[in-house]
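Subject: Structure for you to look at

Hello,

Please find the structure below, followed by some notes on what turned up in it.

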Amino acid sequence: MVVILFFGRLSKLTAAVSHNRGASPTAGVPNPGPRGPVSSLRVSSSVFQGSDSELKPDKDGVSDSESKVDSGVPEVPVPPDDTPEVLNKALSGLSSRWKNWWVRGILTLAMISFFFIIIYLGPMVLMMIVLCVQIKCFHEIITIGYSVYHSYDLPWFRTLSWYFLLCVNYFFYGETVTDYFFTLVQREEPLRILSKYHRFISFALYLTGFCMFVLSLVKKHYRLQFYMFGWTHVTLLIVVTQSHLIIHNLFEGMIWFIVPISCVICNDIMAYMFGFFFGRTPLIKLSPKKTWEGFIGGLFATIVFGILLSYVMASCRYFVCPVEFNNDSNSFQVDCEPSELFQLQEYTLPSVLESVTGWTTVRLYPFQIHSIALSSFASIVGPFGGFFASGFKRAFKIKDFANTIPGHGGIMDRFDCQYIMATFVNVYIASFIRGPNPSKVIQQLLALRPDQQLHIFNSLKAHLIEKGLLPAMEVNA
Amino acid sequence: RSLPLLEKLFQNESGCIPYRWKNYWIRGVLSIPMISSFFLITYMGPIALIVAVMGVQIKCFHEIITIGYRVYHSYELPWFRTLSWYFLICVNYFFYGETVADYFGGLVQREEPLQFLARYHRFISFALYLAGFCMFVLSLVKKHYRLQFYMFAWTHVTLLIVVTQSHLVIQNLFEGMIWFIVPISIVICNDIMAYLFGFFFGRTPLIKLSPKKTWEGFIGGFFSTVIIGFIMAHLMSRFQYFVCPVEFNSETNRFSVECEPSDLFVMQEYTLPAVLQNALKWETVNLYPFAIHSVFLSSFASLIGPFGGFFASGFKRAFKIKDFASTIPGHGGIMDRFDCQYLMATFTHVYIGSFVRGPNPSKVFQQLLMLQPEQQLGIFHTLHSHLRERGMLPPAATQTE
């Protein structure tokens, strides 16, 4: 009876999970895992009869079978091939081995062209795309959590996950809007109140969700609910915070958005090619397809690519200028005097390179030197993000995060290395490139008490006079 | 679970104190040392308080991680204990670095290595964290992937809850010791009052999660906490020791708590609404504005604070443990005592940020100094016209040096 219940729930679950994949699962009921049917029966009986009923006087105080549930969870069924019909027909002549490469290749080209199109369309569109990618990644990871824990039927849970996503996004977008759209916010009265009490409002919204979670705890499902709560929060931490760092990078200048993403994509492709042609020594047990040759070849190729790409882009104002919101025209503009980073400078080559190339000096953008640091990070540390995602997929026995992109998997599969890169770029910019945002500093200044403002005013004046920026006697602006 | 000494006490009394009161006696007796040590630490000053907060944080982290080990039988996982503690050190380094850079600006500017550390603080913290992340990825072992990911997530959620909020406690402390003492005392008071009201009058259960809580205890605790908080705020507001922001004196290299009390701690006259005037026959009343803020803090502690306790109860039931640990006889672990405090600390911090203080002036000035000269000049002019508008500066040109 319990076995039927157990398998019945599983098949209902797999039907639910694959409802948005456009195909009914051909696989039957998955295997219960390596421990065999007897223990899984014991497992299922304790899970479904309500594990809270018995309080085993274990030394650890925790029922032993609960931990076995985690290692014996059945696999999420591998979804069938989801390639669109069009591609299928076009490639019907090729053998199955090459078909996969062709599908991946075509989709790669499509994704890259899409990337170029949205860059052309401008900052607003880029922000929307980042938001959509974030929502899709969140959805993918949460769906995996549901299928792992069979928790589709938990009361309130789907609502709460999306609610928390909304809260955190509201908090971050509010901070961004307040920073960059300062004048617009000051003009509109309701926006001003929202921004003044922004943290309090966000906290209140979050607390509401927290209290709803506590009220929704149901006796038999405590552990599952806590797991999903933890799962949601870790996902929010990873996906949402880093997508906002991407948007911060974007506002710094589109080049800080495009170059890192391109470096990661290039490293992926180059490492793959080098591995394909020269690969011999495996790199790490987690991802058996990666090789040392691919890794090192990818590193050098990416550095060269990064230098070339930044050279091409650094001359364009569209990419180099910070994105600003023009209050009068109410639109974004990218027009400025390029900073020193993007002006050609002469560098003297070290003597070893001099003798090789015969040049004494070379004209470079300083940004190209920074791009070497970015490319190195993308090639050396970036793959760890990929290994983390591979480990995660093996831990939960899934092949891909989802089936959104044929041949590639889900959105998260493409973006797993990008998130670490975005965080690194943000920290890099904050540490080595720019100082604080001036409009933010003005905001804080205006929020101080008048006597504090006066005190700062006098200190600032002394500082500026010292540096010779202000004539000593002039005070009237 | 109780101390052997107390066991002997009850045995030797041979029925003097009935057995069923034993638990209450132990809880009561242990409450007194806890409250006294709280007073003692408060007396010893800010440094002792920071050290105590740090100690509590480490103990709470240890308790929660130990529960994770037992739940997942993951004591033998390679590297895992090391990595958890390493992440704790990283996050603490990040937060303490930000605090030190903010509040000890003068000290930091003097010492060269500190200056370097402060300037590249975020990068260094991020690099340290990444090293831990890469170690985790390299430590993934074939049969234990899932367990290792669970423990990774467990560690991170614990860090999020315990460590960030203990740093909010410290920031509240720097705002003025009263912002540290009053919220904590209010939560303790609500605990005790709700317990007493529930003991004597309790009838209707409050929530299935905690069967011992009752509506009578909840409401009685709410009203008594508001009153006690009000009285306590009134009593403490006149002491500079509690009211002044904690500052680090660069010359004497010590903390000093001396200042001109802000408006919040200066008695003001409030006109009572007409209904209260008729009842009390007073027209105006002298109150500290802080006492009014304390009403909001007390309300939060009584109404929403218990949800932190319910969350912890749900957590304990989910993982089938009775207490977080056995550190304090009769009470359980440190985390058992502090589960409601964390929510309160976050609320106090957000409250201060939104309603009480503006940004920290020295932090703003530091940021000013980091800007480009043209930006500094632009801000100077903006500030100049702003101050002139408000009449803070004489309109004619003046000599200042």
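Glu63(B) and Lys59(B) form a salt bridge, with their closest N and O atoms 3.3 Å apart; the term stands for a side-chain nitrogen of Lys or Arg within 4 Å of a carboxyl oxygen of Asp or Glu. The two residues are four apart in helix α3 (residues 46–72) of chain B, so about one helical turn separates them. Helices here are DSSP runs of H or I with at least four residues, strands are runs of E with at least two, and both are numbered from the N terminus. Glu63(B) is buried at 2% relative accessibility, whereas Lys59(B) is partly exposed at 27%. Buried means under 20% relative accessible area, exposed means over 50%, and partly exposed is in between, using a 1.4 Å probe and protein chains only.

Before the rest, some notes on the source. This is a predicted model, in which local features need pLDDT of at least 70 and side-chain atom pairs count only at pLDDT 80 or more, while totals for chains, interfaces and linings use all residues. Residues are numbered from 1 along each chain as its sequence is written, chains are lettered from A and ligands numbered from 1 in the order in which they are written, and side-chain values use heavy atoms, with hydrogens and water left out.

Over all chains, the salt bridges number five. One of them joins Glu98(B) to Arg122(B), with the closest N and O atoms 3.6 Å apart. This pair links distant parts of the chain, 24 residues apart: Glu98(B) is in helix α4 (residues 80–103) of chain B and Arg122(B) in helix α7 (residues 121–138) of chain B. Glu98(B) is partly exposed at 25%, and Arg122(B) is partly exposed at 45%.

In chain A, Arg363(A) pairs with Glu346(A) in a salt bridge at 3.7 Å between the closest N and O atoms. Arg363(A) sits in strand β6 (residues 361–364) and Glu346(A) in strand β5 (residues 345–348), so the bridge ties together parts 17 residues apart in sequence. The relative accessible area is 47% for Arg363(A), which is partly exposed, and 49% for Glu346(A), also partly exposed.

Also in chain B, Ile178(B) lies in helix α9 (residues 178–201) and is buried, at 0% relative accessible area. Beyond neighbours within four places in sequence, its contacts (heavy atoms within 4.5 Å) include Met236(B), Phe242(B), Phe265(B) and Phe290(B).

Back in chain A, Ser375(A) belongs to helix α16 (residues 366–380) and is buried, with a relative accessible area of 0%. Leaving out residues up to four places away in sequence, Ser375(A) touches Cys263(A), Thr302(A), Ile303(A) and Gly306(A).

The UniProt record, an unreviewed entry, lists six stretches of chain A as "transmembrane region", among them residues 156–173 and 299–320; such annotations may be inferred rather than shown by experiment, and the positions follow the numbering used here. In the model, residues 156–173 of chain A are 94% helix and 0% strand, with the end C-alpha atoms 25 Å apart. Residues 299–320 of chain A are 86% helix and 0% strand, and their end C-alpha atoms are 25 Å apart.

Regards
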